[in-house]
Amino acid sequence: MAQLLDRLQISGRVQLVSVNGDPEPDRQRVLEEGDSVRIFPFVVGG
Amino acid sequence: MPYGYTGKILHVDLSTGNIEVEEPGEGFYRKYMGGSAVGLYYVLKLMPPGADALGPENVLVLSLGIATGAAISGQSRVTATAKSPLTNAIGDAQAGGFWPAEAKGAGYDAVVCTGKAEKPVYLWIQDGQAELRDASHLWGKVTGEVEAAIREELGDDKIQVLQCGPGGENLVRFACIINMSNRANGRTGMGAVMGAKNLKAVAVRGHERPEVADRKALAALARWGAQNLEESGVYGMTLNGTADVFGFQNEVGGLPTRNWESGSFDDYEPLTGTVMTDTILKERDTCYACVVRCKRVVETEWQGHKVEPLYGGPEYETLATFGSYCGIGDLDGVSYANQLCNMYGLDTISCGATIAFAMDCFEQGLITTEDTGGVELRFGNVEAMVRMVEQIGRREGFGDLLAEGTGRLAKRLGPEAEELAVVVKNHDLPAHMPEVKRSLGLIYAVNPFGADHQSSEHDPAYEGDFEFYQERMAQLDLLEQQPEFSLSPEKIRFALYTEQFYSLLDSINVCQFVYGPSWHLYSPNQLVEMASAVTGWDLSLWELMKVGERRLNMMRAFNTREGFGREDDSLPPKVAKPKVGGPSDGMTFGTEELEQAKDLYYAMSGWDPEGVPTRAKLEELGIDWVAEAIGR
């Protein structure tokens, strides 16, 4: 996971990552083939 | 006179028709800067204590900022300040668009409206000249019609029009002020104050904006903003509008659902920013000279009704209040409700929240079809939701009761209904949940104009691993990121400092998406650079933060004078009840935790244990006249 965020160059701005629909706080999680990853930045709606 | 300002305040006595120009001098501007602080100055000075918010004694101020109309992002803002008919506390609301920049060019830094016109009028300001004109023929018309009629009448399609819609005319307590037919001074019922004064609109046209002190420095900052937009957290709003946050809110269990029963909505997907972008988005609109372009323009249809680009598109808050609050996942239906609010001039947050509260009461059997005129006002009923919006705008049928707002309706229905009312000081909670953002819960409780999501930074910015934002937070002396869901003393310090900073933003009067301490385009130190470049003053962040603190204390003093105290700084019972389902299942925010946080927050603020600013604090801020005004 950490490598993915680094590769996308957004690691410092990510608020939340979920894997297959569940929040995943562990950035060391090893992703597997077919995993669905959703990455959320931190912003506030108005 | 400093650069950036016109140096003139327009005073309009609607009772007599008298119009005067005041030139307050540099000291006034440096102390209050603009926006909300300037508005408060006049409301505190000119409104007698205990005045009826819908009476002629209320004072309505429309104020601009130091940089309004300058060539940089986030500056075209107007603040409306008056006693609120919804809360009876201070009322305060900001809007963007092109009206503010045009109004600066028309020659004034603020317009102070007192009294009440005998018949409907509108104020026409052009290149320093102001006159009141008959608006009888505009009364009852929706915003788009009024804007077109005024432009045709005055023969200039570049005129910008700020107005109350039929909602304001009908004294809906959460009526807003609209410009461009889609930009709202949304909260606290400022449109009803306009309507009560028989002031239909303020039309402006101007050709000469004030000089900027250092054009090169301002241009360099503007260039930096354009070059760094895509690297900034605000870029998500460029792509998907404020709705960009919708999926995140649901993912963390922070999306109020079915009148705050849950923080998670099963049918959330159709309401997300990406779906809006992929389906009904027609274009990305902007405010004057802003590169962010966060405004949505949508075009679609709902049950044979056209949703027209003129009325913009729904913001995150609107999608939540008409959507998840009401258990509705119909993007077209929510977009149509948004259009109705912009046509009638209704605050989408309070409008949707009030309907959601009524749906909750209906589900609990506290109201029936006998009350609603036969409407099955149940969660998920999009037709019923839209019908209620129309009835509120016209004050017809059950909508006449809803137009009084959640708090008053709850009181009328009794104690069981009051348990379901999600309000602070009668002000409906916006779509961010204290259960998952605990310092925001504190700010919801203590904020002088009621629960507000744009009065401090939200907790996640000071939680977790945010290396990208830490440099900006450090500019506000916030150095120790805190654990998730905490309300530690450090978190309360974070809430207070960022509250003072946001208060400053509303006084300089710039956009809170463009300037801020984390995901925003510009940092706090860049705000200082911008303000110095415009005015020519050698400003520091310390001096500016004092402006923000001054405004907060003036608001608090106003409320003290109107009889508000510590007991009004509360959170609604629903927030203390365990949430049902999703990531925030079982989470609460209880009274004991809030009371402890208030003790520390008041002490940090220099207020007494009842939450009243001490004379020493007001003197420290250089506003001892406020102490006199509240008898301290």
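Before we look at anything, one working rule: two strands pair if DSSP finds at least two bridges between them. The strands themselves (E, at least two residues) and the helices (H or I, at least four) are DSSP runs, numbered from the N terminus.

Hi everyone. What you have on screen is a predicted model, in which local features need pLDDT of at least 70 and side-chain atom pairs count only at pLDDT 80 or more, while totals for chains, interfaces and linings use all residues. Residues are numbered from 1 along each chain as its sequence is written, with chains lettered from A and ligands numbered from 1 in the order in which they are written.

Let's start with chain A. Its average pLDDT, the predictor's confidence in each residue from 0 to 100, is 81, and 83% of its residues score at least 70. Two bridges tie strand E1 (residues 14-19) of chain A to E2(A), and in one of the pairs A:Val19 has A:Asp22 as its bridge partner.

Now over to chain B. Here we have 26 helices and 18 strands, and the C-alpha trace spans about 60 × 60 × 50 Å along its principal axes. Of its 632 residues, 63% are buried; buried here means 20 or more other C-beta atoms within 10 Å of the residue's own, exposed means 12 or fewer, and partly exposed is in between, with C-beta atoms placed from the backbone. I'll also talk about contacts, meaning two residues whose C-beta atoms, placed from the backbone, lie within 7 Å. Counting contacts in chain B between residues at least 6 apart in sequence, 70% join residues at least 24 apart.

The piece I'd like you to find is a six-stranded open sheet with mixed pairing, in the order E8-E7-E12-E9-E10-E11 (chain B). Strand E8 (129-134) and strand E11 (183-185) of chain B are its edges, each pairing on one side only. On average, neighbouring strands are turned by 20 degrees against each other, direction ignored. Axes here are lines fitted to C-alpha atoms, for helices over the stretch in contact; other angles run from 0 to 180 degrees between N-to-C directions.

Inside that sheet, strand E9 (residues 160-164) and strand E12 (residues 199-205) of chain B run antiparallel, joined by four bridges. B:Leu162 faces B:Val202 of E12(B) across that pairing. Helix H3 (residues 99-106) of chain B packs on the sheet, touching strand E7 (121-126), E9, strand E10 (177-179) and E12 of chain B, with its direction at about 70 degrees to that of E12(B). Helix H4 (residues 143-154) of chain B also lies across E7, E9, E10 and E12 of chain B, at about 135 degrees to E9(B).

Which residue of strand E9 of chain B shall we zoom in on? B:Gln163. It counts as buried because it has 28 C-beta neighbours inside 10 Å. Leaving aside neighbours within four places in sequence, B:Gln163 has contacts that include B:Thr143, B:Val146 and B:Ile178. B:Gly191 is 28 residues from B:Gln163 in sequence, and their C-alpha atoms are 7.7 Å apart.

Next, a hairpin. Strand E4 (residues 78-83) of chain B and E5(B) run antiparallel with six bridges, and B:Thr81 is opposite B:Asp92. Of the six residues between the strands, B:Asn88 takes a positive phi near 65 degrees. Strand E5 (residues 90-95) of chain B is largely enclosed by the rest of the structure, because six of its six residues are buried.

Helix H21 (residues 489-509) of chain B has 21 residues and reaches 29 Å between its end C-alphas, close to the 30 Å expected at 1.5 Å a residue; the expected span is 1.5 Å times one less than the number of residues. Since 19 of those 21 residues are buried, H21(B) is largely enclosed. Helix H13 (residues 348-363) of chain B reaches 22 Å, close to the expected 22 Å, and 15 of its 16 residues are buried. After H13(B) comes B:Gly365, with a positive phi near 80 degrees.
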